[in-house]
Amino acid sequence: MALRMWASTTANALKISCATTKAPVFSLSRCFSTVLDGLKYAESHEWVKHEGPVATIGITDHAQDHLGEVVFVELPEPGGSVSKGKGFGAVESVKATSDVNSPISGEIVEVNSKLTETPGLINSSPYEGGWMIKVKPGSPSELESLMGPKEYTKFCEEEDASH
Amino acid sequence: MRGSLWQLGQSIIRRLSEADKKAVARRYFASEADLKKTVLYDFHVAHGGKMVPFAGWSMPIQYKDSIMDSTVNCRENGGMFDVSHMCGLSLKGKDSVSFLEKLVIADVAGLAPGTGTLTVFTNEKGGAIDDSVITKVKDDHIYLVVNAGCRDKDLAHIEEHMKAFKAKGGDVSWHIHDERSLLALQGPLAAPVLQHLTKDDLSKLYFGEFRILDINGATCFLTRTGYTGEDGFEISVPSENALDLAKAILEKSEGKVRLTGLGARDSLRLEAGLCLYGNDMEQHISPVEAGLTWAIGKRRRAEGGFLGAEVILKQLAEGPSIRRVGFTSTGPPPRSHSEIQDEKGNNIGEITSGGFSPCLKKNIAMGYVKSGLHKAGTKAKILVRGKAYDGVVTKMPFVPTKYYKPS
């Protein structure tokens, strides 16, 4: 989930910093997000659940927590393909626009059309009702390069701590 | 990567390419230590404020509440904003009014003492240098507040013209109120809460009016104004009293008035159809194009006498070629720079601000379109990430304003 903060702000117009201060920005520890066992995680905060021939992809609890209320989800068409590390959709919250990257390559077999009507499922149920696409993996070995739950938890903690 | 208000505390840097990373480091990190803090900085942090760089200041973008909840709470109860980054300024001297009239479009002479208005500082081409709320305290004292991000250029602009004005014998001087902090208290509970902290009768102070009075034991400049569309106040308080006042306001409201950050402030002003300088108004946009014709005093329309008056008066006579309008739309929320097309796919303008309205639960935006296509109900397409979504020109404010006016 590559956060692309939207440009409609004074800050943009005024050419103000897009970098967070290292000091106590996010001074509150935000390490309460749920990370599920059995899933694989990408550094850009998407998860993959590989079951049988199909892998389900969504964004993590940590990601939705940082985004805030999701108000729109842009999904691809079924039948298309996704590539590892490349964007396949976007999630819009009140405060940000985020590209969502695919953690693996493959063919899109299904998209979660419920998100069109109820984008908030991403917030309320990031790992279940808020799934985004189902993919037939092109190269199952790609899954091995992703993080497991423990690694991802640590990754999130480090990312938060660096701010 | 564009600079942006929205900092989620996530590692954006991590996601940038190496080249970008270096560029960002050069541009931004070098100056991080220089970020200014308001006297309420520790108070914000203690209340869970997420501090972000904004116009050279470290400011809270939100607190523990989500931006959605925070926006709605301001309209249902009340919100308190630290806007001390904004620049308060007093012009003094018997020629203050005639001096200021050279720089702004308002009929300053026509303002009754103790009243104010929104105005625009214009340049020679009729474009907007900044917008500002000005108040005529007395005939020889004007109080105004300019945008934090425009402070340096505004002050340079004012100073340059002031020198020339004084050289010709004009009597005007300025005082920059860096000894003061500025709190905005907005929403239906603003007046009842503030009334607990002052003996002055606030029911006699209407929208746009100004008073110097004692609040919570300190001499404050109080303006019944704001940037949310709600009834409310901006309170200029001596900085040494700002923390006590902020605490007192929260306490008197019994927790209903909440600290509210820049994120909700942006949603609130967009819902109220108010311009954000730098987005919806810029150097090349005139007040007429921006829909602020109402702010050009009648006398000023007849006499001119402000920078860029020829251009602006011509636009008034002939109509501007572009106009700021509101939009509602389907699909993802339009953002600044989203292209606007007519139904045939021809470019007709650009969005300057947009987002999801927390109170209306739908997309709202404002932008500029060619004149003739500006009427409410006009259908358009708004492009977001290459896809066209349905939009319709919609009258602003999107959420009705609730200014306190004499009935």
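Analyst: Gladly! UniProt, in an unreviewed entry, places "domain: GCVT N-terminal" at residues 40-298 of chain B; UniProt positions follow the numbering used here, feature names are shortened, and annotations may be inferred rather than shown by experiment. This is a predicted model, in which local features need pLDDT of at least 70 and side-chain atom pairs count only at pLDDT 80 or more, while totals for chains, interfaces and linings use all residues. Residues are numbered from 1 along each chain as its sequence is written, and chains are lettered from A and ligands numbered from 1 in the order in which they are written.

User: What makes up residues 40-298 of chain B, in terms of helix and strand?

Analyst: That span is 27% helix and 31% strand, with its end C-alpha atoms 41 Å apart. Both words refer to DSSP runs, numbered from the N terminus: helices are H or I runs of at least four residues, and strands are E runs of at least two. The unreviewed UniProt entry also lists "domain: Aminomethyltransferase C-terminal" at residues 323-399 of chain B. Here the chain is 0% helix and 57% strand, and the end C-alpha atoms lie 20 Å apart.

User: How do H4(B) and H9(B) lie to each other, and what makes you say so?

Analyst: The axes of H4 (residues 67-76) and H9 (residues 262-271) of chain B come within 9 Å and cross at roughly 60°. The axes are lines fitted to C-alpha atoms over the stretch in contact, and angles run from 0 to 180 degrees between N-to-C directions. Angles under 35 degrees count as roughly parallel, over 145 as roughly antiparallel, 65 to 115 as roughly perpendicular and the rest as oblique. H4(B) and H9(B) are therefore oblique to each other.

User: Which residues of H4(B) and H9(B) make the contact?

Analyst: H4(B) brings Ile67(B), Ser70(B), Thr71(B) and Cys74(B), while H9(B) brings Gly263(B), Ala264(B), Ser267(B) and Leu268(B). Residues are in contact if their C-beta atoms, placed from the backbone, lie within 7 Å. In H4(B), the buried residues are Ile67(B), Met68(B), Ser70(B), Thr71(B), Cys74(B) and Arg75(B). Those buried residues pack against H9 and several strands of chain B, including S2 (57-62) and S9 (180-186).

User: Is Glu234(B) buried or exposed, and how do you know?

Analyst: A residue is buried if 20 or more other C-beta atoms lie within 10 Å of its own, exposed if 12 or fewer, and partly exposed in between. Glu234(B) has 24 other C-beta atoms in that range, so Glu234(B) is buried. Glu234(B) sits in strand S12 (residues 232-238) of chain B, and the unreviewed UniProt entry annotates Glu234(B) as "binding site". Beyond its neighbours within four places in sequence, Glu234(B) is in contact with Leu182(B), Ala184(B), Thr223(B), Thr225(B) and Gly226(B).

User: And in chain A, is Lys95(A) buried or exposed?

Analyst: With 30 other C-beta atoms within 10 Å, Lys95(A) counts as buried. Lys95(A) lies in the loop between strands S7 (87-93) and S8 (97-101) of chain A. The end C-alpha atoms of residues 54-136 of chain A lie 5 Å apart.

User: Where is Trp131(A) in chain A?

Analyst: Trp131(A) is in the loop between helix H4 (121-124) and strand S10 (133-137) of chain A. Its 22 C-beta neighbours inside 10 Å make Trp131(A) buried as well. Leaving out neighbours within four places in sequence, Trp131(A) is in contact with Thr56(A), Gly58(A) and Asn112(A). Across chain A, 51% of the 163 residues are buried.

User: What kind of peptide bond joins Met396(B) and Pro397(B)?

Analyst: A cis one, with omega about 0°. Pro397(B) belongs to the segment after strand S19 (387-394) of chain B.

Notes. Contact = placed C-beta atoms within 7 Å.
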